[in-house]
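Here is a briefing on the model shown below.

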Amino acid sequence: MARVLPVVTVVAAIVVFWYAATVWLNAAWTRDQAARAGLSVTFAEVVADTMAQERPVLPAPHQVAAELWKSTVAEEVFSRRGIVQSGTLSNRSLIYHAWVTLSATLVGFAIGTVAGILLAVGIVHNRAMDLSVMPWAIASQTIPILAIAPMIIVVLNSLGVSGLIPKAIISAYLSFFPVVVGMVKGLRSPEPAQLDLLRTYNASAFQTLRKLRLPASLPFLFASLKVGIAASLVGAIVGELPTGAVAGIGARLLTGSYYGQTVQIWAALFAAAIVAAALVGTVGAIERRTLRAMGLLR
Amino acid sequence: MTWVAGAMAFWLAAWVLNARLAAGRLSRHPVGRLAIPALFGITLLVVWEGLVRGFSVPAAILPPPSAIAARIAVSGPVLWGDFVQTFVKGALTGYAIGCSAAILTALAVDRSPFLTRGLLPVGSFLAALPIVGIAPIMVMWFGFDWQSKAAVVVAMVFFPVLVNTVAGLQAAEPMQRDLMRTYGASYRQTLAKLRLPAAMPFIFNGLKIATTLALIGAIVAEFFGSPIRGMGFRISTEVGRLALDMVWAEIAVAALAGSAFYGAVALAERAVTFWHPSQRGR
């Protein structure tokens, strides 16, 4: 209770602030409409109207929640009849769009993680590789890699590769470098005494890797995975922008911005947030279980 | 074919040289520390150039580095204009506003342990979300020019800096706080003399994370609409025209700006937190 109450308070404060901002930002439109109709509106009417506009500057939280409900539960996942039930611009549900983004994220994340771990193992075992690649891997963290996303999409499209793969490549690229940097740190984390012990056992480099370095690196790996999977999702969303709003959460953001559908944008944003929270939460749960099983968690 | 063969020969030679350098005594010297990654980078460029020319890859798919360098050389004013629009106006303004707002919020919340306990989990949750998605909303609210980009950057950098500052303000040990209390120090004095300095490594950690986020936010926000200049605008339109040498030139500028920005913050960190173990002994 001592931990939940402060969090609930902060969340409640955010919601209250949001409602206040809704009234403040949408009131101008309401007053404008009333002035054109030659009516005068009371404050209570203004407040009521700001909560229920069709294209508000800032939709109220309950409007976003309703849109989220309509576009996930009420809408068919794959509507073949072309009947748009939820009143949004897509006849496919947000679950479908979220899955398009999520699948690219997961494929890319898997590729990036495996490649990152392999490179980290190479870096730890080869001094030349360490000295030549590692500075670049660290420097690449300071670069806005996401800027190359449109280029990857368009170039691969002109080579005839489209759909999931280009987005997955961007996701892989974004999760790759955090994993490399974290894994190198982790593989180096065993103490010299532990490495010496394995040497007295006459363990080979591969045995040292398997029995000591890899288990010791797991806490570092999970920390990087959490950063990496969040970055992967952002990569997949941004990767959906240049193709011109075909499918996915990024496409929903783009169509929403084209047609001024603010409620749809916020719903897509919340869908992205839910997916991100689920992904990071899943990695965190696996981390806790694994580390507890290994006795690394207090 | 000679291009490919030449590139492969250069690669092998550089590999052997690098392996020698890494095994030798020079690798413990600062010069070697710089020379080895530099040689690796040059090798990548040479192999890239050789393969692109050798297999005559169309410039619309992958231009050779020489063409990109030539493009950078002739389009200096355009690149500079984009840099000013995106980095100086969009990213830097947003970074300054977002980071100071986050630090001030952290200081305001710091008085109440109750709020601190609530803000820390909520803030770290929000920091993990794809906040870039707020870009279309900000473009609607603040228009196409740099103000909307700065707003996206503010939203992106706010939470990482907030979480790190709040965590940092709790870093001073109870023993040290007790010492301040025995001196009869006021809240402000304790903050200025003990807790803020102790928080600096954390704050700078947040500030360094925020540098990359700021540039990403400013560039991606331009994909949702911008005036006819800016790095994100240039990238997305030149990609559409298949002028990939310009895109790569823009990416090179972004990479340079990103590392310089990070480097500047890291230098400031070294100046401010010279006493911290991670900064000593270098």
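K208(B) is buried, with a relative accessible area of 16%; buried means under 20%, exposed over 50%, and partly exposed in between (1.4 Å probe, protein chains only). The model is predicted: local features need pLDDT of at least 70, side-chain atom pairs count only at pLDDT 80 or more, and totals for chains, interfaces and linings use all residues. Side-chain values use heavy atoms, without hydrogens and water, while residues are numbered from 1 along each chain as its sequence is written and chains are lettered from A, with ligands numbered from 1, in the order in which they are written.

- K208(B) pairs with E269(B) in a salt bridge, with 2.8 Å between the closest N and O atoms. A salt bridge is a side-chain nitrogen of Lys or Arg within 4 Å of a carboxyl oxygen of Asp or Glu.
- E269(B) sits in helix 11 (residues 244–272) of chain B and K208(B) in helix 9 of chain B, so the pair ties together parts 61 residues apart in sequence. Helices (H or I, at least four residues) and strands (E, at least two) are DSSP runs, numbered from the N terminus.
- E269(B) is also buried, at a relative accessible area of 7%.
- D110(B) and R195(B) form a salt bridge, 2.8 Å from N to O. The two are 85 residues apart: D110(B) is in helix 4 of chain B, R195(B) in helix 9 (residues 187–222) of chain B.
- D110(B) counts as buried because its relative accessibility is 13%. R195(B) counts as buried at 8%.
- D82(B) and R234(B) make a salt bridge with closest N and O atoms 2.7 Å apart. This pair links helix 4 (residues 76–110) with helix 10 (residues 231–240) of chain B, across 152 residues. Both D82(B) and R234(B) are buried.
- Over all chains, the count is nine salt bridges.

**Aromatic contacts**

- Eleven aromatic pairs occur over all chains. Rings of Phe, Tyr and Trp (its six-membered ring) pair if their centres lie within 6.5 Å; planes under 30 degrees apart count as stacked, over 60 as edge-to-face and the rest as tilted.
- F158(B) and F159(B) pair edge-to-face, at 5.2 Å centre to centre and 90° between the planes. Both F158(B) and F159(B) are buried.
- W80(B), F83(B), F87(B), Y95(B) and F261(B) are linked into a cluster by ring pairs.
- R111(B) places its charged end over the ring of Y187(B), 3.7 Å from the ring centre. The rule asks for NZ of Lys or CZ of Arg within 6 Å of the ring centre and within 35 degrees of the ring normal.

**Exposed positions**

- Which kind of phi does N202(A) have, positive or negative? The phi of N202(A) is positive, about 60°, although N202(A) is not a glycine.
- N202(A) lies in the loop between helix 8 (192–200) and helix 9 (205–239) of chain A. N202(A) is exposed, at a relative accessible area of 65%.
- S124(B) belongs to helix 5 (residues 113–127) of chain B. S124(B) counts as partly exposed, at 38% relative accessibility.
- S124(B) and M180(B) are 56 residues apart in sequence and 30 Å apart in space, C-alpha to C-alpha.

**Domains**

- Chain B is divided into domain 1 (2–57) and domain 2 (72–272), with bounds from an automatic or database domain assignment.
- The C-alpha centres of domain 1 and domain 2 of chain B lie 35 Å apart.
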